Amino acid sequence: MSPLLDVRDLAKTFTVSGGIGGEPATVHAVDGVSFAIARGETLGLVGESGCGKSTVGKMIVRLLEPSAGRILLEGTDITHASYGAMRPLRRRLQMIFQDPYGSLDPRQRAEDIVAEPLIVHGGYDAGARRARVAELFERVGLRADQLRNVPSKFSGGQRQRLAIARALALNPPLIIADEPVSALDVSIQAQVVNLMSDIQRELGLAYLFIAHDLGIVQHISDRVAVMYLGRIVEIGQTRALFASPRHPYTRALMDAVPRPDPARRHQRARIPRGEVPSPLDPPSGCSFHPRCPLATERCRVERPQLRVVGSGAEAACHNVE
Ligand code: SF4
């Protein structure tokens, strides 16, 4: 049986000004990314700002046109699907954005925001629509007396609950969640992640959960893929990846997550000072080599490919035994 989502060698390049001598330059924002998501599974896609993870999400929902590669949703190739061809597939694939305020029409009442997909995709008369909206409100923890409020009357966490209700309206088997809790207070983040986790268990849907915080994806993901400068550098089962991270970048990212056991923290490599290199001028060889404490001469000249390094785990590093 084909996976729910199959992404193969996906790439996105942008042409920008600012190259040598002011010439246009090509940025490889996403460079050969492959993964699959099974029904009911959550894949966490994690990395620092600018690593290309949100660009991957936007290509999957067709907000951005891929430059190369393939995207298969339930076996159907949607890589270059037109707006019209995507319309029926919106029932199968929804997205939640980082900024719930920006993604919700500020003039629309909450009940109309949640009802919109039901109207666009049909199949519900007015009574069934009201009942479905009320059911979704309850499911995401919003109150019936908030149905007629506009988004500005909701807190940040409540607005994200509203966005989740709208994404769930058509019962999609897959939701792309792009930094869904990053804009929220820390105290609210866990509530929204727990809500998404409960909904997943109940409805059996799958998430691509995009975040820059490994601590957040750990709680909701079955597997985790770590991105650096447009490429996946490690992918594996969450438990194994957290217990034994293979790639130096994954280890360094983990080191940035607060941990109760200080002794364990000191065993881990730290990200050396310095910014993520510009994708306009990526380093040769392994793009992590300027920041990697384990870099060797080989790393400076030869780009490591993703390879199996353990049970269900893959990493792109020359020095993973
Ligand atoms: Fe570090 Fe070399 Fe591995 Fe890259 S290939 S992560 S530079 S050890």
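## Fold and overall dimensions

The chain contains eleven helices and twelve strands, where helices (H or I, at least four residues) and strands (E, at least two) are DSSP runs numbered from the N terminus. Its radius of gyration is 21 Å, close to the 20 Å that the globule rule gives for 321 residues, so the chain is as compact as a globular protein of that length; the radius is taken over C-alpha atoms, and the rule is 2.2 Å times the number of residues to the power 0.38. Along its principal axes the C-alpha trace spans about 70 × 45 × 45 Å.

This is a predicted model, in which local features need pLDDT of at least 70 and side-chain atom pairs count only at pLDDT 80 or more, while totals for chains, interfaces and linings use all residues. Residues are numbered from 1 along each chain as its sequence is written, and side-chain values use heavy atoms, with hydrogens and water left out.

## Burial and contacts

Of the 321 residues in the chain, 49% are buried, meaning under 20% relative accessible area with a 1.4 Å probe and protein chains only. Among contacts (heavy atoms within 4.5 Å) with a separation of 6 or more, 62% are between residues 24 or more positions apart.

## Surface

The chain exposes about 15100 Å², of which carbon and sulfur atoms supply 50%, with areas from the Shrake-Rupley method and a 1.4 Å probe.

## Cysteines

The structure holds zero disulfides, a disulfide being a pair of cysteine sulfur atoms within 2.5 Å. Cys286 is buried, with a relative accessible area of 13%, and Cys292 is buried, with a value of 16%.

Technical notes
Buried < 20%, exposed > 50% of the residue type's maximum accessible area, 1.4 Å probe, protein only.
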